[in-house]
Amino acid sequence: MRYPMSSTPIFLSVLCAAFAATHADAQCVAASTAWKNNALPAQSAAFGATFSVVPGAARIDAVTGLSLKAATGYASLAAIVRFTTAGSVDARNGGVYAADASIPYVAGATYKFRLAVDPPARRYSVYVTPPGAAERLLAMNY
């Protein structure tokens with residue numbers, strides 16, 4: 001992983017996402033082309049983050065991720081999950097997007113994400129729960 005994760009404000013963009021990692025109150029961030037950021041407390045040990053995303057359209061290029069400070073571009077993000085124009089979900093693995101499993105998505109459906117983040121190791125894993133299905137591993141130790 002190229003970017004540090006010693007502090008992790010959350011970045012939500014383009015998608016409507018209900019986020020509840022360390023916040024008791026989930027909040028919805030409406031679709032936008034602007035970067036939107038929700039801060040979390042600093043993290044220095046391994047932690048988990050969960051959130052739900054509803055893609056507003058099919059075959060979009062939209063991301064949700066964790067960053068050291070407020071994100072202003074893709075390079076600001078340390079852990080990224082993406083809804084792709086190919087109709088699937090993937091994650092950032094160093095300098096490329098990849099997925100350990102093919103997970104398609106449809107517009108308007110709710111996808112639950114669970115990230116296991118290890119800042120000291122500079123790694124994260126992503127699990128996705130598609131609507132009506134069991135949780136699946138998307139990315140292991142990216």
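Rings of Phe, Tyr and Trp, the last taken by its six-membered ring, are counted as a pair if their centres lie within 6.5 Å, and planes over 60 degrees apart make the pair edge-to-face. The close-up views below come from a predicted model.

**View 1. Aromatic pairs around F83.** Five aromatic pairs are found in a search of the whole structure. In one of them, the ring centres of F83 and Y111 are 5.8 Å apart and the planes stand at 70 degrees, so this pair is edge-to-face. Because F83 belongs to strand β7 (residues 77-83) and Y111 to strand β10, the pair ties together parts that are 28 residues apart in sequence. F83 counts as buried at 1% relative accessibility, and Y111 counts as buried at 2%. F83 also forms an edge-to-face pair with F113, with 6.0 Å from centre to centre and 85 degrees between the planes. Since F113 lies in strand β10 and F83 in strand β7, this pair ties together parts that are 30 residues apart in sequence. Both F83 and F113 are buried, and one aromatic cluster is formed by F51, F83, Y105, Y111 and F113.

**View 2. Strands β10 and β11 and the turn that joins them.** The two strands pair in the antiparallel sense over seven bridges, and they form a hairpin with four residues between them. R122, which lies in the turn, has a positive phi of about 60 degrees, while R123 in β11 is the bridge partner of D118. Strand β11 (residues 123-129) has five buried residues out of seven, so this strand is largely enclosed by the rest of the structure. V117 has its place in strand β10, which covers residues 111-118, and V117 is buried, with a relative accessible area of 2%. Although V117 and A49 are 68 residues apart in sequence, their C-alpha atoms are 7.7 Å apart in space.

**View 3. The hairpin of strands β11 and β12.** Strand β11 pairs in the antiparallel sense with strand β12 (residues 136-139) over three bridges, and Y127 stands opposite L137 in β12. Six residues lie between the two strands of this hairpin, and G132 in the turn has a positive phi of about 70 degrees.

**View 4. The surroundings of S125.** S125 is found in strand β11 and is buried, with a relative accessible area of 4%. The side chain of S125 reaches the backbone nitrogen of N141 at 2.9 Å. When residues up to four places away in sequence are not counted, S125 touches R114, L115 and A116, as well as A139, M140 and N141.

View 5. D90 is found in strand β8 (residues 88-93), and at 8% relative accessibility D90 counts as buried. The side chain of D90 makes a polar contact with the side chain of R82, at 2.6 Å. Leaving aside neighbours within four places in sequence, the residues in contact with D90 are I80, V81, R82, T84, Y97, A98, A99 and L138. The charged end of R82 sits over the ring of Y97, 3.8 Å from its centre. The charged end of R92 likewise sits over the ring of Y97, at 4.8 Å from its centre.

Definitions and conventions:
Residues are numbered from 1 along each chain as its sequence is written. This is a predicted model: local features need pLDDT of at least 70, side-chain atom pairs count only at pLDDT 80 or more; totals for chains, interfaces and linings use all residues. Side-chain values use heavy atoms; hydrogens and water are left out. Buried means under 20% relative accessible area, exposed over 50%, partly exposed in between (1.4 Å probe, protein chains only). Two strands pair if DSSP finds at least two bridges between them. A polar contact is a pair of N or O atoms within 3.5 Å; within protein, one must be able to donate a hydrogen and the other to accept it, and residues adjacent in sequence count only if both atoms are side-chain atoms. Contact means heavy atoms within 4.5 Å. Rings of Phe, Tyr and Trp (its six-membered ring) pair if their centres lie within 6.5 Å; planes under 30 degrees apart count as stacked, over 60 as edge-to-face and the rest as tilted. A charge sits over a ring if NZ of Lys or CZ of Arg is within 6 Å of the ring centre and within 35 degrees of the ring normal.
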